Amino acid sequence: MIVVYHQNNKIVEVDFEGKNIPFSSKNIASNLFQLAEKYPQELIVWCLLDVKTNMNKEKFQEIFHHKKIAASYNLSTNPFLPETIGYIDESPMLNVKEKVSYPTWRLSGDIGGIYSEVLNALKNQVKKDSNFDYFLHSMAKLASLIGLLCYSEPLLVKDSSKKIETKKNNNFLIFRFVKHHYRARWTLLLFLDLLVYEKKFAIFPFIFSLGFKTRFLNENSLDNIKVRSTKRIIDKKTIDVIIPTIGRKTYLYDVLKDLSKQSHLPENVIIVEQNPDVNAVSELDFVTNENWPFTIKHTFTHQTGACNARNLALAEVASEWVFLNDDDNRFESDLIEKTFENIKNYGCSAVLTFYPISGQKLIERKVCQASIFGSGNSFFKATALETVKFNKSLEFGYGEDTEFGLQLRNAGFDVIYFPDLVINHLRAPMGGFRTKPILAWEDEIIQPKPSPTIMFFKLNNLTSQQLMGYKTVLFIKFYKVQQIKNPVKYFFNFQKQWKASIFWAEKLN
């Protein structure tokens, strides 16, 4: 392990196994690449001189358990990028939870590390910015799209409460970063959001940003780096499958058949069958009429709702791992076996698969940290159930699966997407006894926009800047599809709908 100590964007010392080694007069980023070239198998750590005594070296092997990990921890009182980045980026990667290992490309120069192999793979593509934090943010933002897993990691330091006083960065920096790493239109939206919500007329930073070009990386740059985690994440290798169902007897039977053919069989398949007819009985005769190579735990309830059904099922989990499945999925016989292989290689605790509908092609081909979550195509370690469950406030609405994924991340369970794991989603027609729920706001003259369940999710999980950025984009997109074409009249009507959405979202609590 090589440790680069720096202060005021300059290197002051480089330590390699207790010995000082020479470094050049170039900036920190350039030195990192030089060190990586000279020591191609090492972990390279950077550390602010003021953080030296707070470094927690004993945890480094646990943190950097495979070669495609970059981790850092921000001890500064202010993040390098101001929170205004939220106006144009709604990703959960921005809203970092400091007390757990959390997925984010917002790498900090305070303390962190990356393997030489990654730096060597990127050396001819990444701009070696003189500002070290800018370099780290830029490299991580680009490399996270092609397979680098980036984290905020509190275990890097002994005491995460020891903060460092820092200055706030200005609008010139944020506009430059947006132009470098997002589509050009986002700089205009950032300008508009600052003007509307903060009354800041950032015309000069906006014009300044137009002179910069968007940065890219070769999408195959990291493909030759093999991932073999040293972290022991699997113990018993047992798994339970969760399936909520309503009126899809034939499709559910096919799912059970696919599960029965698995090369690695589940221990339990937990089915929660719903039927709102109080006089109805279960239609799933095959649960008891056929022999299955696993235990089926079957619950029949007259209460409908996917959130309630999944929570009932999760309460029955007895295995080490959980597979959130759906009643209209199809998959190959090696799905669970391949999932465990990927979990072992990456040392990850939550997995998302490719989930195509008919005719959908694979677009995202790289293993990466998922910003989304699926309640019908995901796996996670059952220890997460100590702190997470489906939010029943979102019942019959939208976003309950995304919100569950955020709960996992907030508890320290990063969700990794594997494109080679495939679950086909048939999107079967609804069962004949499904009923459309009556929503409390259905008869209101002013219909809420967005849906109160969506607003509930966003109010509880986004930063204020992300929420306002979403409002701006929704305002622009919704204008094209609604009937009011007078822009002034549309503006005032949209404001009323937005307020109505907040009103009902708060009632969902």
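Author: Buried means under 20% relative accessible area, exposed over 50%, partly exposed in between, with a 1.4 Å probe and protein chains only. This is a predicted model, where local features need pLDDT of at least 70, side-chain atom pairs count only at pLDDT 80 or more, and totals for chains, interfaces and linings use all residues. Residues are numbered from 1 along each chain as its sequence is written, and side-chain values use heavy atoms, without hydrogens and water.

Reader: What makes helix 13 mostly covered?

Author: Seven of its 10 residues, within 452–461, are buried. Among them are Met-455, Phe-456 and Phe-457. Lys-458 is buried too.

Reader: What do the buried residues of helix 13 pack against?

Author: Helix 12 (400–410), helix 14 (464–479) and helix 15 (487–508). Contact means heavy atoms within 4.5 Å.

Reader: How do you know whether the radius of gyration agrees with a compact globule?

Author: The radius is taken over C-alpha atoms, and the globule rule is 2.2 Å times the number of residues to the power 0.38. For 509 residues a compact globule would be near 23 Å; the protein has 25 Å, so the value agrees.

Reader: What share of the protein's residues counts as buried?

Author: 54% of the 509 residues.

Reader: What share of contacts between residues at least 6 apart in sequence joins residues at least 24 apart?

Author: 82% of them.

Conventions
Helices (H or I, at least four residues) and strands (E, at least two) are DSSP runs, numbered from the N terminus.
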